[in-house]
Amino acid sequence: MKNEFLIRMEEPEDCLIVTDRDGIYYRMFHKPVTARLKDELDCMQFHEPSLRMIDYHEHYRGTETFFISQGKFLCNCMGRGFTMGAGDILHIQPWMGHSFTPIEPESRLNIMFMDIDMRYGQTDPRLRIAEKFPGVMEDPEFQSLFRKANGSLGRRTLPVQDDFPKEQVQQLRPSGFGIRVHEYDGITLHLKVAKYETEGVKEIWELLMKPGFYCSWDNFKPEYRVFYVTEGKLRCWVRTSATETLTFDAGKDCIVFIPPYNPFGFEVVEESRVYDMDCGARLQDLCEEVDVFRATNGKVPDMEGLLALCKAYDCTITDVGNK
């Protein structure tokens, strides 16, 4: 029986769409959520570098967060060329030209969309039209109409491919880097994408966690949560009824996907690297407050004080700690 809260990215049966053609192994992992078309995640795996690329283009609405999970890409963002490798993240906002050229076999690009309707606006229509109306997708007039309907300004001439220093690319978040970094017992948090980059909708965090660290959201909240595990193992639980709890493990290349009104939590079993892809809380503000308290008092707030701060900054956890 399929676990509705776990997506194993390497298992085709867990994916919504799977195709392998024209040099790209493509997988879509889950539907967009909420009216903002938020948190729609897919993967493009390029078999041979010489076969395919993502052309230089830009959008007039929506954001994209690109995660390099395997291989290397030569990238361009707003006219600056640089190389990205496994663990690097690039966050693109409207009107930012960008492109990706794989430079190693089987390079893999995971993409999270916000306010870009990839499945229903683009992928499904493309597949249907290509199957039932040969030649339509290749028509330049139709392509222009299709791009405009989906918020795209279309392809542009690829800029000169210079070798720009990665540390000077504002949109790039290299592996191990955070816009802000906060360290506590059992966990280090790297802020990867801030609220000012998502129109205030969410933050994206990289969580480096030690075994024994745990966190619970044992409440009924109207919010989606998406956790992407890239290293280690979590033991997760979801309350599925008043008397039943589903327990499962999430390891490397797994997505823990929690729809609204589902109490849940996790404990770290093996040292883990996890991306919190849909943090609606003002977690950066919360961490600043905790850091001030720690600097003033020599320790972090007790649980009562911490939960009061969480409530003030829209963080819905009910328990957190390190065993």
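## The seven-strand sheet

Seven strands make an open sheet, ordered β2-β3-β4-β11-β6-β9-β13, with antiparallel pairing. Strands here are DSSP runs of type E with at least two residues, and helices are runs of H or I with at least four residues, both numbered from the N terminus. Two strands count as paired if DSSP finds at least two bridges between them. β2 and β13 (172-173) stand at the edges. Each has a single partner strand, so one side of each is left without a neighbour in the sheet.

The model is predicted: local features need pLDDT of at least 70, side-chain atom pairs count only at pLDDT 80 or more, and totals for chains, interfaces and linings use all residues. Residues are numbered from 1 along each chain as its sequence is written, and side-chain values use heavy atoms, with hydrogens and water left out.

Ile17 has Met28 in β3 as its bridge partner.

## Strand β18 and its partners

Strand β18 (residues 225-239) runs antiparallel to strand β20 (residues 254-258), and five bridges join them. Val226 stands opposite Phe257 in β20. β18 also runs antiparallel to β21, joined by 10 bridges. There, Arg235 faces Glu267 across the pairing, standing opposite it in β21.

Strand β19 (residues 245-250) pairs with β18 too, in the antiparallel sense and over six bridges. Leu234 stands opposite Ala250 in β19. A hairpin of five residues joins β18 to β19.

## Salt bridges

The whole structure holds 24 salt bridges. The criterion is a side-chain nitrogen of Lys or Arg within 4 Å of a carboxyl oxygen of Asp or Glu. One of them joins the side chains of Glu10 and Arg108 at 3.0 Å, N to O. This pair links distant parts of the chain, 98 residues apart. Glu10 sits in the loop between β1 (6-8) and β2 (17-21), whereas Arg108 belongs to strand β11 (residues 107-114). Burial is set by relative accessible area: buried is under 20%, exposed is over 50%, and partly exposed is in between (1.4 Å probe, protein chains only). Glu10 is partly exposed at 38%. Arg108 is buried at 8%.

Arg273 and Glu206 form another salt bridge through their side chains, at 2.6 Å, N to O. Again the pair links distant parts of the chain: Arg273 in strand β21 (residues 264-279) and Glu206 in strand β16 (residues 203-209), 67 residues apart. Both Arg273 and Glu206 are buried. Elsewhere, salt bridges with shared partners join Lys2, Arg8, Glu13 and Asp14 into one network. The side chains of Asp124 and Arg119 also meet in a salt bridge, at 3.5 Å, N to O. Asp124 is partly exposed, with a relative accessible area of 26%. Arg119 counts as buried at 15%.

## His59 and its surroundings

His59 lies in strand β5 (residues 54-59). Its relative accessibility is 9%, so His59 counts as buried. The His59 side chain makes a polar contact with the side chain of His57 at 3.3 Å. Such a contact is a pair of N or O atoms within 3.5 Å; within protein, one must be able to donate a hydrogen and the other to accept it, and residues adjacent in sequence count only if both atoms are side-chain atoms.

Which residues does His59 touch, not counting those up to four places away in sequence? They are Glu64, Pro94, Trp95, His98, Ile116, Gly151, Ser152 and Leu153. Contact means heavy atoms within 4.5 Å.

## Trp95 and the nonpolar patch

Trp95 is found in the loop between β9 (89-92) and β10 (98-102). With a relative accessible area of 53%, Trp95 is exposed. Tyr60, Trp95 and Leu153 make a nonpolar surface patch of about 310 Å². Patches are made of residues with over 30% relative accessible area and no salt bridge; like charges are joined within 9 Å, nonpolar side chains (Val, Leu, Ile, Met, Phe, Trp, Tyr) within 5 Å. Areas come from the Shrake-Rupley method with a 1.4 Å probe; for residues, only the protein chains shown count as cover.

## Helix α2

Helix α2 (residues 140-149) has 10 residues, and the number buried is one, so α2 lies largely in the open. Just after α2, Gly151 takes a positive phi of about 75 degrees. Gly151 is also among the residues that His59 touches.
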